[in-house]
Amino acid sequence: KREREEQLRREREEQLRLEREEQLRLEREEQLRQQQEQLKQHKEEREREEQRRQQREREEQLRQQREQLGHRERVEQLRQQEQLKQQQEREAQLKQHQEQLKQHQEQLKQQQEREKQLKQEQQQQQ
């Protein structure tokens with residue numbers, strides 16, 4: 001009986017030891033996974049920061065280039081923008097006039113249809 005109890009105790013201890021080892025292994029795996037995830041996030045953040053830095057540099061270069069453009073070029077650019085704006089306004093007005101004309105034509109057509117119907121009705125009544 002005592003041997004049997006001793007054997008059961010050893011088996012329980014062995015079982016507990018195996019469970020602890022498995023638990024530790026799982027914890028190490030989880031820790032490793034979290035570390036890898038953190039590394040990945042840090043790397044992505046560094047890449048984003050580098051992209052932002054490059055973007056700031058490009059913007060600064062563009063700003064400097066624009067400043068270096070002479071007064072004459074800026075004046076010419078403004079003149080062209082103004083011309084383009086006026087042209088777009090004229091085109092918008094023309095489009096609006098065409099739309100109004102189209103609506104008037106449609107109204108006229110409907111009016112002619114109504115008059116035609118009235119005329120037919122009058123002829124039928126006679």
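Which residue forms a salt bridge with Glu 45, the closest N and O atoms being 2.9 Å apart? Arg 52 does. The views below start with the whole chain and then return to this pair.

This is a predicted model, where local features need pLDDT of at least 70, side-chain atom pairs count only at pLDDT 80 or more, and totals for chains, interfaces and linings use all residues. Residues are numbered from 1 along each chain as its sequence is written, and side-chain values use heavy atoms, with hydrogens and water left out.

**View 1. The whole protein chain has two helices and zero strands.** Helices (H or I, at least four residues) and strands (E, at least two) are DSSP runs, numbered from the N terminus. Helix H1 covers residues 2-68. Helix H2 covers residues 71-125. Along the principal axes, the C-alpha atoms fill a box of roughly 130 × 75 × 5 Å. The radius of gyration of the protein chain is 43 Å, whereas a compact globule of 126 residues would have one near 14 Å. That radius is taken over C-alpha atoms, and the globule rule is 2.2 Å times the number of residues to the power 0.38.

View 2. Buried means under 20% relative accessible area, exposed over 50%, and partly exposed in between (1.4 Å probe, protein chains only).

**View 3. The charged side chains number 32 positive and 32 negative.** Lys and Arg count as positive, Asp and Glu as negative; His and the chain ends are not counted. The centres of the two sets lie 2 Å apart. Each charge is placed at NZ of Lys, CZ of Arg, CG of Asp or CD of Glu.

**View 4. Glu 14 and Arg 17 form a salt bridge.** A salt bridge is a side-chain nitrogen of Lys or Arg within 4 Å of a carboxyl oxygen of Asp or Glu. The structure holds 17 of these. Here the closest N and O atoms are 2.6 Å apart. Side chains of opposite charge can pair when their charged atoms come close. Glu 14 and Arg 17 are three residues apart in helix H1, so about one helical turn separates them. Glu 14 is partly exposed at 35% relative accessibility. Arg 17 is partly exposed too, at 32%.

**View 5. Glu 45 sits in helix H1 and takes part in a network of salt bridges.** The network links Glu 45, Arg 48, Glu 49, Arg 52 and Arg 56. Arg 52 and Glu 45 are the pair from the opening question, with closest N and O atoms 2.9 Å apart. The side chain of Glu 45 also makes a polar contact with the side chain of Arg 48, at 2.8 Å. A polar contact is a pair of N or O atoms within 3.5 Å; within protein, one must be able to donate a hydrogen and the other to accept it, and residues adjacent in sequence count only if both atoms are side-chain atoms. Glu 49 and Arg 56 meet in a salt bridge of 3.4 Å, N to O. Is Glu 45 buried or partly exposed? At 36% relative accessibility, Glu 45 is partly exposed. Arg 52 is partly exposed at 37%, Glu 49 at 35% and Arg 56 at 45%.

**View 6. Arg 114 and Gln 123 mark two places in helix H2.** Arg 114 is partly exposed, with a relative accessible area of 49%. Gln 123 is exposed, at 53% relative accessibility. The C-alpha atoms of Gln 123 and Glu 6 are separated by 122 Å. These two residues are 117 residues apart along the chain.
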